[in-house]
Amino acid sequence: MINELATWFIFFCPLLAFIIIGMVVWPFVGKKSKVSGYLTIAALLSSTILSFWALGSVIQNGHALEFESHNWLKIQNVDINFGIMLDGLTTIMLVVVNSVSLLVQIYSTGYMKHDGGYSRYFTYMSLFTASMIGLVLASNLIQMFVFWELVGASSYLLIGFWFNKPAAAAAAKKAFLVTRLGDFGFLLAILYLFFNSEAFISNGLNPFEVIDVNNAVALGVISSSVAGWVAIGMFAGAMGKSAQVPFHTWLPDAMEGPTPVSALIHAATMVAAGIFLVARFFPLFEASKEVMMVVALVGGVTAIFAASIGLVQNDIKRVLAYSTISQLGFMMLALGVGAYSAAIFHLFTHAFFKALLFLTAGSVSHSVGGTFDMRYMGGLRRLMPWTYGAVMVGGLSLSGIFPMAGFWSKDEILNHAWHSSTVVSDVVFWLALAAAFMTAFYMFRAVFMTFEGSYKGGAKSDPDIEISVEVTPHESPKTMVIPLIILSIATLLVGWLVNPLTNIGSIPMHWFSEFVHVGDGHEKVLAFNKMLAAISSLIALLGILLAYLIYVSNFGIFKSLQKTTSGVYKLLMSKYYFDELYEDVIVKQIFYSKLAAGLDLLDKSFIDGIVRTIDRSGRNIGRLIAQLQTGQLQGYGVVTSFGVLLMFGIYLIFR
Amino acid sequence: MTPQDIYLLSPEISLAGLALTIVILDVFIKNRLLVQSTIGIGLLVPVIFSILLWNGIGIETSLDSNTQTFGVFNTLVVDKFTLLFKFMFLGILSIVIMSSMSYVHRFERTKIEYFSLLIFSTVGMMLLSSTRELVTIYIALELTALPMAALIAISGNKLSSEAGIKFLILSAISSALLLYGMVWVYGLTGTTDVAEIFLSIEEMSRQNGSVSMIAFGNYGLLLGVIFIIAGFGFKISSVPFHMWVPDVYEGAPTPITAFLSVASKAAGFAVILRVFYGSFSSDVLSIEWSMLFAIMAVLSMVIGNFVAIAQKNIKRLLAYSTIAHAGYIMMGLTVVSGRMEGVALEGPSSVVFYLIGYAATNLAAFVAVIAVSNKTGSDLIEDFSGIAKRSPIIAICLAVALISLTGIPPTVGFMAKLNVFNSALNGGLWWLVLAGTISSVVSAYYYLRIIKVMYLSDPLENAPIKLDPLTGIALMVTVSAVVVFGLYPTPVIKAAHIAVEFLLI
């Protein structure tokens with residue numbers, strides 16, 4: 001059974017790696033020192049082993065392991081604690097974050113080999129992983145918020161890793177600002193809980209402990225409307241981090257960072273933080289029907305919205321980025337219809353196959369000289385067999401084809417949406433089904449454009465990229481291929497954990513759902529719906545077939561289809577004009593010219609005026625009093641005596 | 001004096017022994033390294049004894065039981081309150097000694113006497129924190145002040161000698177005021193024992209009836225308490241007893257200024273807590289004197305912060321800043337409720353926590369100033385221009401210390417201020433908190449200006465400033481304390497809580 005100290009070390013290992021690399025290796029050993037990569041891998045290997053130990057302990061224990069929280073601060077009568085919450089959800093997240101991160105770091109040692117900022121890269125990566133682990137382990141809302149913001153800050157550093165590239169710097173800024181907008185909601189939720197702290201404390205609860213907050217509604221400490229407002233605030237934070245519409249614009253731009261960063265942050269970890277937050281406070285969300293409907297609708301809309309944009313993208317990483325947004329929409333949708341364990345399970349499987357897909361994208365780009373534009377690829381199937389195999393596993397999984405991981409998790413979600421009985425659940429079911437069709441289409445469109453047909457020159461043909469060395473397509477080095485193989489195997493296997501059919505060996509039926517459930521009693525599980533599984537598979541296969549017909553066999557009829565739908569194509573290509581709406585209308589027209597100008601005036605005249613007055617009067621008062629300081633000893637004695645007299649005076653006159 | 005008594009006093013005895021040893025060693029062996037290592041090892045002895053005492057090892061009754069304290073001739077007491085302060089004084093002493101090692105080269109003679117006097121003064125402070133009897137308080141107070149006067153004048157230049165004389169005479173005046181106050185209290189109560197004074201005053205107020213038209217019940221007590229506050233007010237450098245502070249701080253050798261600003265202040269507050277919570281803590285009385293401290297707090301904060309703006313010398317600036325901080329700390333003294341019913345120890349524990357945080361912060365600032373002035377030989381703020389380019393480490397450490405002095409998170413200065421303000425607010429003194437916050441804002445002006453000068457102005461010359469190892473260690477220790485206690489203050493706050501529980505026994 002794992003103890004508390006060992007659990008803390010899951011967090012400390014990457015943190016120590018960050019401190020050592022950042023403060024010793026980077027400045028003193030060298031900016032390109034190999035040591036930094038090895039240190040990060042060693043730290044994450046230890047964390048991964050400890051995470052599996054934690055997982056084993058929770059399985060063995062049968063329910064969450066409880067550790068005492070420690071007092072950090074006391075504000076008035078509210079104790080702010082910090083501690084570890086080690087339940088099914090935490091351990092699953094720990095395993096996902098650590099194992100994916102470990103594989104990404106191994107891959108990075110190959111991918112980043114020639115980069116001048118090698119040590120800096122691993123410093124940031126360690127910080128990011130440490131913050132993500134801290135977020136997952138947190139037993140307290142404030143503690144969670146600290147790491148939530150650290151995740152945001154470290155992702156800023158990673159997205160803008162190549163900061164001398166203007167696009168990367170802009171993308172980092174955009175990611176940080178857009179997620180911050182949502183975080184404001186999260187902060188308001190925390191404040192709202194703080195204002196309700198009296199109710200908690202009088203019932204012996206703590207307004208910031210995760211368990212207490214989740215129990216509060218059931219115990220009648222806070223009303224369901226208060227719970228609803230808190231949940232909405234948290235959901236705003238979750239929407240920012242998980243890139244839900246309308247906060248989705250940052251994620252595709254964040255592809256400017258190094259590809260392993262995209263694999264780690266924008267597939268497996270940071271974007272999953274939003275889903276994790278909603279899942280962590282699921283009882284709170286469940287208390288309010290309206291909030292659940294909002295969550296489901298936002299998820300459903302995001303799923304189809306992002307998938308439709310993904311249909312037309314030419315940059316392979318952008319296809320994957322929109323696919324990630326869409327899949328996150330699936331998870332939100334699942335949470336919204338009450339399919340808690342299905343959402344977590346999809347998060348779990350998605351982390352593996354999406355990391356896999358991103359890493360294959362990196363591998364492809366590495367091989368063709370640095371471009372990500374699929375129009376200049378093609379015919380790579382024979383040249384890169386291992387990568388091709390990995391991309392097929394990932395692509396089939398994403399499309400939801402039996403027996404890949406994605407099949408099981410997508411099926412769980414659709415099944416729950418179908419059986420759910422809220423007003424919006426019918427709508428979101430059809431949205432999800434349509435999104436599933438699009439997913440299969442855009443994924444295989446990308447696969448066919450990249451691997452089939454003839455090679456179109458790679459980076460050399462891409463006008464946006466200046467290359468110095470001639471590159472012929474080749475299979476990537478071992479450090480990059482091995483993580484691909486491991487992730488492929490994981491993608492093939494992890495789907496069986498949910499196991500809706502029957503007991504397999506030591507994995508009982510519905511094992512995963514039982515493992516991650518929250519609250520008392522048993523998780524609501526649904527029997528495997530064969531009809532639904534058949535329909536959704538058929539739809540996915542149709543999507544793949546359509547992609548094949550258009551991009552491989554080049555049927556003439558589809559060419560003309562492309563022409564007739566050029567209006568839609570343009571709309572999709574410009575991503576529904578969201579960036580224009582935000583940047584040109586909201587930011588420039590409203591913020592810059594009206595609000596900012598007004599505030600500027602207020603700042604310059606009123607606030608600066610006050611500051612200047614204080615400055616001037618402060619200095620004058622100071623000089624005036626300083627004149628008492630004559631340097632004459634007798635004067636000092638006089639002041640002392642007058643002081644004593646003054647004290648007597650206060651009592652004799654005013655009392 | 002029983003062996004048990006000697007053991008209880010072992011930290012003080014061993015420290016005094018160290019002070020004598022190094023002087024004798026210096027006469028016979030002129031080996032600098034030997035003396036340095038003697039000091040280093042010698043400092044560990046009282047620390048070890050204090051740790052043993054804290055854990056109650058070798059004492060018949062456990063220190064944890066709140067019913068028992070340990071008297072030495074009934075004038076001194078050893079409990080966790082005094083031991084916490086002893087740890088603080090020993091810590092401050094070590095930091096000051098470390099940062100003095102390179103500074104003493106400025107003196108032609110008296111290098112060892114400097115350390116010896118410093119240690120003697122610390123012995124006085126340690127005794128001061130454990131006294132529970134008025135006459136002993138006076139003697140311990142003089143033991144801290146006399147070596148201090150010599151130390152202030154030890155540089156031998158005009159400014160330093162002038163500062164020494166000023167300190168000596170004003171310290172004598174304040175001692176006279178203190179003694180006069182003590183005499184009045186003794187005359188009324190017939191005892192000099194802190195606990196017995198309390199009982200005697202209780203008895204008097206029962207006879208007179210609890211409501212009285214005169215402050216403190218009668219004029220005699222009023223006189224006594226006010227004179228005692230005036231005497232201690234000198235030690236903690238509170239307005240209107242602060243006049244000596246700027247001149248002495250400017251004239252004294254910088255490590256001595258650092259020592260004065262934190263150790264002397266901590267000792268003053270320790271004895272204030274002991275006397276006022278021990279003797280004058282009945283309901284009626286505490287409301288009277290807490291008002292007085294509140295007024296002094298406002299005056300100190302306002303005058304300290306405003307006059308600091310006009311300063312050009314960093315040591316003078318820090319002198320006014322220390323006056324302002326005395327005001328913040330006094331806010332913790334204003335929260336009182338009588339000892340008989342549910343006592344709020346929040347006030348005193350916030351005072352103790354503030355003292356610890358302030359010690360770390362102010363020492364960090366002074367050590368950085370010492371490191372710079374060792375090289376530049378100047379204490380003017382304009383000579384700190386562009387220090388960030390000449391020594392990034394010193395600049396960042398001084399910046400952290402100044403941020404902590406302003407009270408910005410994540411430093412201990414913020415936590416300390418938060419605690420003090422919070423306890424004052426819980427005591428209903430919102431106007432005091434308002435004055436505190438406004439004057440904090442004003443203080444940001446002059447603290448942050450130094451950071452601006454260090455980072456944004458061009459350096460006067462480009463030669464890098466080297467840190468000698470001991471000063472560097474002192475700087476690192478204090479700055480990490482500032483940051484660590486700022487992020488995770490709970491252990492220190494808990495220790496402060498445990499300590500102040502012994503005040504009311």
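The crossing of helices α14(B) and α20(B) is right-handed, a term used when the near helix is turned clockwise from the far one by less than a right angle, the anticlockwise case being left-handed. The model is predicted, and in it local features need pLDDT of at least 70 and side-chain atom pairs count only at pLDDT 80 or more, while totals for chains, interfaces and linings use all residues. Residues are numbered from 1 along each chain as its sequence is written, and chains are lettered from A, with ligands numbered from 1, in the order in which they are written.

Helix α14 (residues 346-376) and helix α20 (residues 490-500) of chain B pack with their axes 8 Å apart, at an angle of about 130°. That makes α14(B) oblique to α20(B), because angles under 35 degrees count as roughly parallel, over 145 as roughly antiparallel, 65 to 115 as roughly perpendicular and the rest as oblique. Among the residues that make the contact are V352(B) and F353(B) of α14(B) and A496(B) and H497(B) of α20(B), where contact requires C-beta atoms, placed from the backbone, to lie within 7 Å.

Between the chains, the contact takes 27 residues from chain B and 27 residues from chain A. On the side of chain B that touches chain A, α12(B) gives the most, with six residues.

In chain A, helix α25 (residues 578-626) has 49 residues, yet its end C-alpha atoms are only 61 Å apart, short of the 72 Å that a straight helix would reach at 1.5 Å a residue. This helix, α25(A), bends by about 50° at F591(A), the bend being the angle between axes fitted to the seven residues ending there and the seven starting there. Among the 49 residues of α25(A), the count of buried residues is one; a residue is buried if 20 or more other C-beta atoms lie within 10 Å of its own, exposed if 12 or fewer, and partly exposed in between.

Technical notes: Helices (H or I, at least four residues) and strands (E, at least two) are DSSP runs, numbered from the N terminus. The expected span of a helix is 1.5 Å times one less than its number of residues. Axes are lines fitted to C-alpha atoms, for helices over the stretch in contact, and angles run from 0 to 180 degrees between N-to-C directions. Two residues are in contact if their C-beta atoms, placed from the backbone, lie within 7 Å.
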